[in-house]
Amino acid sequence: MKRFDGKVAVVTGAAQGIGEAYARALAAEGASVVVADVSAEAGEQVAAEVGGLFVRTDVSSHESAAAMVEAAVSAYGGIDLLVNNAAIYGDMEFDLLVSVDWDYYRRFMSVNMDGALVMTRACYPEMHQRGGGAIVNQSSTAAWLYSGFYGLAKAGVNALTQQLAHELGGMGIRVNAIAPGPTDTAATHKQAGDAARELVKGMALKRMGRPDDMVGACLFLLSDEAAWLTGQIIAVDGGQTFRS
Ligand SMILES: NC(=O)c1ccc[n+]([C@@H]2O[C@H](COP(=O)([O-])OP(=O)(O)OC[C@H]3O[C@@H](n4cnc5c(N)ncnc54)[C@H](O)[C@@H]3O)[C@@H](O)[C@H]2O)c1
């Protein structure tokens, strides 16, 4: 008996990077996995490799989210678990809050912050119908460190996590978040180059995270072992941040 046998898990942004690691781990633990991503070629490949379903999904679009839910329900009969991992990250522009192009800012926030809410609104009725479920939102330590609109979106994800935990708790749906520190993905290399390696010198554990470092926390938060745990933001960051 595997930990997620009989469960249906939607992972957004699972075509590559940390989301891909989540999708692979959930499938290995018995879940039927829906890879929901805008990137079709890579997403199809991950889905095929984990025996799951790829659905091209833009997390900022209610229509796209609804179509993903329809496809998931028709393939697997429902939804139990949702990981809101998708974000504009590797290709993001660098600018200040006071000068960033307004249209870009709004598009960015609609994916990186509102995307988790759009997907939750689309998926929670299916979880409710199955008697409950669990959601993990992908935050970042950037929420607690100055990092412009990227950090602002993640601070929003943290607040969403706490608000939604209250709104959905009565239905047996738990909502938590993981805040990774600097993690070795292709997107991080593109975005930060060697700067991320410099950053690790100031961390308690002197190395960057790997996608697999996030997997344990994600599976735990989605599992029944975390049955009385909701509204929490768990930093998986090699000791980059300490909160008291
Ligand atoms: N890598 C890090 O150092 C790090 C640290 C902290 C938090 N995070 C967060 O972890 C998550 C994954 O990071 P990663 O390094 O694997 O990034 P990544 O860029 O490799 O993966 C992001 C995925 O999201 C998808 N995506 C982008 N816009 C989308 C949209 N509108 N709808 C659906 N899918 C969309 C992309 O196609 C991609 O597959 C992100 O939320 C990121 O902010 C990453």
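Please keep in mind throughout that the model is predicted.

I begin with the sheet. Seven strands form an open sheet with parallel pairing, and their order is β3-β2-β1-β4-β5-β6-β7. The edges are taken by β3, residues 53-56, and β7, residues 233-236; each has a single partner strand, so one side of each is left without a neighbour in the sheet. On average, neighbouring strands are turned by 20° against each other, direction ignored.

Let us look at some of the individual pairings. Strand β2, residues 32-37, runs parallel to β3 and is joined to it by four bridges. In this pairing V35 stands opposite F54 of β3. Elsewhere in the sheet, β1 and β4 pair in the parallel sense over three bridges, and V11 has V83 in β4 as its bridge partner. Four bridges, again in the parallel sense, pair β4 with β5; here the partner of V83 is V136 in β5.

Which residues cover the two faces of β4? L81 and V83 lie on one side, L82 and N84 on the other, and all of them are buried. As a general point, side chains in a regular strand alternate between the two faces of the sheet.

Helix α6 touches β5, β6 and β7, and its direction makes about 165° with that of β6. Helix α9, residues 211-222, touches β4, β5, β6 and β7, and its direction likewise makes about 165° with that of β6.

I turn to the interior. In soluble globular proteins, nonpolar side chains tend to be buried together. The largest nonpolar core in this model has 33 residues, of which Y22, L26, V33, V35, I178 and L222 touch the most other members. At least two residues of this core come from each of β1, α1, β2, α2, β4, β5 and α9. V35, already mentioned for its place opposite F54, also has contacts beyond its neighbours within four places in sequence, including V11, A23, V46 and L53. Another core, of 24 residues, lies apart from the largest one, and V55, V59, M127 and A165 are among its members.

The aromatic residues come next. Over the whole structure, a search finds five aromatic pairs. In one of them, W102 and Y105 have ring centres 4.8 Å apart and planes at 25°, so this pair is stacked. The two residues are three apart in helix α4, residues 102-112, and about one helical turn separates them. Y105 is buried because its relative accessible area is 16%, below the 20% cut-off.

How are the rings of F108 and F149 arranged? They are edge-to-face, at 5.0 Å centre to centre with 80° between the planes. F108 belongs to helix α4 and F149 to helix α6, residues 148-169, so the pair ties together parts 41 residues apart in sequence. F108 and F149 are both buried. Ring pairs also link Y104 with F108 and F149 into a cluster.

Finally, a residue in another setting. R197 lies in helix α8, residues 195-199, and is partly exposed, with a relative accessible area of 43%. Leaving out residues up to four places away in sequence, R197 touches H189 and M208. Its C-alpha atom is separated by 25 Å from that of A177, a residue 20 places away along the chain.

Note on methods. Residues are numbered from 1 along each chain as its sequence is written. This is a predicted model: local features need pLDDT of at least 70, side-chain atom pairs count only at pLDDT 80 or more; totals for chains, interfaces and linings use all residues. Side-chain values use heavy atoms; hydrogens and water are left out. Rings of Phe, Tyr and Trp (its six-membered ring) pair if their centres lie within 6.5 Å; planes under 30 degrees apart count as stacked, over 60 as edge-to-face and the rest as tilted. Buried means under 20% relative accessible area, exposed over 50%, partly exposed in between (1.4 Å probe, protein chains only). Two strands pair if DSSP finds at least two bridges between them. Axes are lines fitted to C-alpha atoms, for helices over the stretch in contact, and angles run from 0 to 180 degrees between N-to-C directions. Contact means heavy atoms within 4.5 Å. A nonpolar core is a set of buried Ala, Val, Leu, Ile, Met, Phe, Trp, Tyr and Cys residues joined through side-chain atoms within 4.5 Å.
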